[in-house]
Amino acid sequence: MTNYFSSTSKKQGSVLISGAKIVLTESGVARDCSLFVMDKKICDIGDRSTLLRRNGNPDTEIDASNCLVMPGFINNHSHMAMSLLRGYAEDLPLLRWLRERVWPVEATLKPSDIYLGAALSAAECLLSGTTCITSMYFYHESGNEAQAVFDSGLRGILAHGIFDWTAEDGLKKTVDFVKSWHGRDEGRIRIAVSPHAPYSCGPELLKRIEQLRTDLNSKFGHPYKVLSTIHVAEARNEQNEISERYKVETKKGVATYLRSLGVLTEDTIAAHCIHLTDEDFVAFKTTRASIASCPVSNLKVGMGVADLSRALREGIVVSLGTDGPASNNSLDMFETMKMASLLQKGIAGDTTLMGAYQAFKTATLGGAMSMHQEDLLGSISIGKLADIVVLDLSRDLRSTPLYDPYFYVVYAASSASVRDVLVDGRIIVRDRKILGLDLDRLRADVDARAAEIQQSSM
Ligand SMILES: [Zn+2]
């Protein structure tokens, strides 16, 4: 396997991000502010001279004057490898798209393709301000998403999706995946179990996967718990489909059904959650399971709009995701965050819903909360891991004028403003380039493979 990210695994010394025009810290907006990063963490916040006096000279200084510094986005639902199929087939009815186009070509993908697609996605994430991603695809020892995320320097929760028709192999691969990868690089890589969906996993399989998760956690769950991620209530007819296929009761809703099986827990990251019943909201509240909403993909695939305003009002943990690049077609969290907010306003005809600050929080801290790592991730605060994004305001006309930084970041900014990115205190992106990445070679390899895919599908 080609490691396109040759030098990102290098050790990083201390970093001073100095003189930022604006820093979005957990405790508020700070102006003309600097951050000192050491041993992976944000260890000091204040003015430059004070930080230098207290911490000495840094190994690297990043001049952030005329920049806005913010926590990196947490993209909480994706299928990274599928960037290889971005734009491969479009504008078909969903089932035809899946059955005639996506699934047949996926069956021909090799482990090296999974690594290649995930590497492209990792690069896109980093260059668009995402520092952590949750992704469900297929694990092969010889080529997988975890390896690409690890090599790129990104943080991630990766999972092997299990279906009825892959149950035994899927359970075995999940064990192998956890054993090989869970907790790597001091928890930068985590593995989750992943029943694909309640319409593709029967009730007994769902319970077996949850039991496996419990067993895995007893051996490998400290200090990083093995979580679970699953698609929930994405399609309009999902309730009926599950009930007919498995002869189970789903009248009260899909999430309620999952709860009755004991598989909806505080460790569940439930993607989509568009078609929820009143009982389903209760199920989320009482279990403390979290929602990973993917507004752009939901629109593109014609699935509908999740009621995030209600979920937030009821105290449910809400995070955002892009879903796979074949149904989005990007991993752009700026776009996702803005779309999430606008949809809540537009559908309800209420401009007060999902305001900029709340949308920003769902794209950052919401993900950290769903991972039970809000003490370490999701905001800029002393003691937290340095997963930081520097936006260059001077290159973005839309940052003029700048009355309120949250209004700017959510409603006007784009990934084009991302200049520098740190993950775990390491500088991964500097001046819009991923350090050590041969991006041209990566793109050429993806193009070559895409040409083969297109050729064989004719
Ligand atoms: Zn998905």
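The legends below describe close-up views of a predicted model.

Residues are numbered from 1 along each chain as its sequence is written, and side-chain values use heavy atoms, with hydrogens and water left out. Because the model is predicted, local features need pLDDT of at least 70 and side-chain atom pairs count only at pLDDT 80 or more, while totals for chains, interfaces and linings use all residues.

**View 1. The buried side of helix α14.** Helix α14 spans residues 356-363, and its buried residues are A356, A359, F360, T362 and A363. Buried means under 20% relative accessible area, exposed means over 50%, and partly exposed lies in between (1.4 Å probe, protein chains only). Helices (H or I, at least four residues) and strands (E, at least two) are DSSP runs numbered from the N terminus.

**View 2. Helix α14 against helix α16.** The axes of α14 and α16 (residues 405-412) come within 9 Å and cross at roughly 65°. Axes are lines fitted to C-alpha atoms, for helices over the stretch in contact, and angles run from 0 to 180 degrees between N-to-C directions. The two helices, α14 and α16, are therefore roughly perpendicular to each other. Angles under 35 degrees count as roughly parallel, over 145 as roughly antiparallel, 65 to 115 as roughly perpendicular and the rest as oblique. The contact (heavy atoms within 4.5 Å) is made by A356, Y357, A359 and F360 of α14 and by Y406, F407, V409, V410 and Y411 of α16. By class, these residues of the contact of α14 with α16 are 9 nonpolar, no polar and no charged. Ala, Val, Leu, Ile, Met, Phe, Trp, Tyr, Cys and Pro count as nonpolar, Asp, Glu, Lys and Arg as charged, and the others, Gly among them, as polar.

**View 3. Helix α13 against helix α14.** Helix α13 (residues 333-348) packs on α14 at an angle of about 135°, with the axes 9 Å apart. The pair α13 and α14 is therefore oblique. M333, M337 and S341 of α13 meet A359, F360 and A363 of α14. This contact of α13 with α14 has 5 nonpolar residues, 1 polar and no charged.

View 4. A118 lies in helix α3 (residues 111-127) and counts as buried at 0% relative accessibility. Leaving aside neighbours within four places in sequence, A118 is in contact with M80, A81, E145 and A148. D113 is also found in α3 and is buried, with a relative accessible area of 3%. With the neighbours within four places in sequence left aside, D113 is in contact with L84, T108 and R449.

View 5. A233 lies in the loop between β10 (228-232) and α8 (238-246) and is buried, at 1% relative accessible area. Not counting residues up to four places away in sequence, A233 touches E238, V254, C273, I274, H275 and L276. C273 lies in the loop between β11 (268-272) and α10 (278-287) and is buried, at 3%. Phi of C273 is near 50°, a positive value in a residue other than glycine.

**View 6. Cis peptide bonds in two loops.** The peptide bond from N328 to N329 is cis, with omega near 10°; N329 is in the loop between β13 (318-320) and α13. Another cis peptide bond joins T400 and P401, with omega about -10°. P401 is in the loop between β14 (388-392) and α16.
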